[in-house]
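Here's a quick briefing to read with the structure open beside you.

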Amino acid sequence: MQQQLAEIQNIVEDALKLAKKMGATQAEASMSKVQGIAVSSRLKEVETVEFTNDGGLGITVYHGQKKGSASTADLSPQALKLTVEKAIEIAKHTSEDPFSGLADKELMAFNYPDLDLFHPQELDTELAIKQVIAAEEAALNVDKRITNSDGASYNANLGTKVYGNSHGLNAGYHSSRYSLSCVVIGEQDGDMQRDYSYTLDRDANLLLSPQQVGLEAAQFTLSRLGARKVKTAKMPVLFHRDIASGLFGHFVSAISGGNLYRKSSFLLDKLGQQVLPSWLSIVEKPHVLRGLASTPFDHEGVITNDLDIVTNGQLNTYLMTSYSARKMGLTTTGHAGGIHNWYIKHSGDSDQQMLAKLGTGLLVTELMGQGVNIVTGDYSRGAAGFWVDNGVIQYPVHEITIAGNLADMLLNIVAVGSQVETRGAIQTGSILIDNMQVAGD
């Protein structure tokens, strides 16, 4: 793989030299190569086996402050030359943008850490088939009320990513990612429900066993059988940790430069102000070893650093690319391409203590629909979960809608659970919000 990294870096270097030779004042090129397998089964029969061996190069050139981009999957010298020519031609025909251009040279990742993101394992189809069938078998054997399967899938990807630009940067690294998931359907008294479980890691040896994934999928599905509606009312709502990161996903959108300079965010002009409860802080740590959202540099080659996003409820920083930063008279924060390992401070409450704090209200375990307006903060989504009375789960609920305003919801977080969901870029426990509108019967 080291040889592959050097080969990709050479291709990126060739593209940048061509761009300079053809008159570009600045240029940047990125290339990724991914090898992988994806295997899926349904009712213990193999449905699909797919092999991936993809690679492509994208180049962006600047003629002064005119910008042109082109990409190619053909990496022959002739195709490379043609791609750079096209990018140059596009640049000549675009209008000038005073905010365009590469990120500043002093921010580049000329020295970057190895984050232990690459744990290669042979892409073994037989092993993948055994995993998916074992997961389904485990799920289907749990209880006779598990009547059907929506399938299991196993994915393994080994990737190499390189970014280079005319500041003299040509950086790259390898990464790996493995996952196994299973979805089953249960039936009881004519009521059908489905749920799933999954496991995800950079290292295949650290995945949960197929039996564990199947067992969880079955247990989650069984727990939803006999679901009812609840009466329409205002009540506290507890977002289970599996879905709680979505709330902070909306927060990410609201403090991202693109939405801010377009003035399409409910958190406009909130820098230095209270946006979360005073006990709540968020830190970003891009250099966590083996982290699922770890990266040594962003999509513009800017080195990533630890950041205090929110301290004691106060917003410390927006999330900037070099373009949005120039638009707003700020400096890029290294967020071209997204966020990198957010850690949400918890309030020290176990799952049981979170239910006790909820008291009587709704535990939400699934959200549906796209009813979130980042401009106004208005929030309205379909939901399913469990009715909780006096801190004890009573029965499953479905076909309800929960609504509120994100600005109020974030400020009125009562507690964050200490049992944390770790399978994503935002690591958080369950989130309790004091008062939301729930529409049911």
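Over how many bridges do strand E1 and strand E4 pair? The answer is 14 bridges, linking E1 (residues 26–42) and E4 (residues 146–165) in the antiparallel sense. Keep in mind that this is a predicted model.

**The sheet**

- E1 and E4 belong to an open sheet of 6 strands, and reading across it you get the order E3-E2-E1-E4-E5-E6.
- The pairing in this sheet is antiparallel.
- At the edges sit strand E3 (66–72) and strand E6 (191–201), and each of them pairs on one side only.
- On average, neighbouring strands are turned by 20 degrees against each other, if you ignore direction.

**Two residues in the strands**

- Ser 176 is part of strand E5 (residues 170–188). Is Ser 176 buried or exposed? Ser 176 has a relative accessible area of 1%, so it counts as buried, the cut-off being under 20%.
- Leaving out residues up to four places away in sequence, Ser 176 touches Leu 117, Phe 118, His 119, Asn 157, Leu 158 and Arg 202.
- Gln 35 sits in strand E1. Gln 35 has 28% relative accessibility, so it counts as partly exposed.
- Gln 35 and Glu 47 are 12 residues apart along the chain, and their C-alpha atoms are separated by 20 Å.

**The nonpolar cores**

- The largest nonpolar core has 50 residues. Those touching the most other members are Phe 239, Phe 248, Phe 251, Trp 342, Leu 362 and Ile 402.
- Which helix gives this core its largest share? That's helix H5 (residues 241–254), with 7 residues.
- A second, separate core is made of 24 residues, including Tyr 154, Tyr 178, Cys 182 and Leu 207.
- Now zoom in on Trp 342: setting aside its neighbours within four places in sequence, its contacts include Phe 251, Val 252, Ile 255, Ile 282 and Val 283. Also among the contacts of Trp 342 are Glu 284, Ile 309, Leu 319 and Gln 427.

Note on methods: Residues numbered from 1 in each chain as written. Predicted model: local features only at pLDDT ≥ 70, side-chain atom pairs only at ≥ 80, totals over all residues. Heavy atoms only, no water. Core = buried A, V, L, I, M, F, W, Y, C linked by side-chain atoms within 4.5 Å. Buried < 20%, exposed > 50% of the residue type's maximum accessible area, 1.4 Å probe, protein only. Helix = DSSP H or I, 4+ residues; strand = E, 2+ residues; numbered from the N terminus. Contact = heavy atoms within 4.5 Å. Pairing = 2+ DSSP bridges. Axes fitted to C-alpha atoms, helices over the stretch in contact; angles between N-to-C directions.
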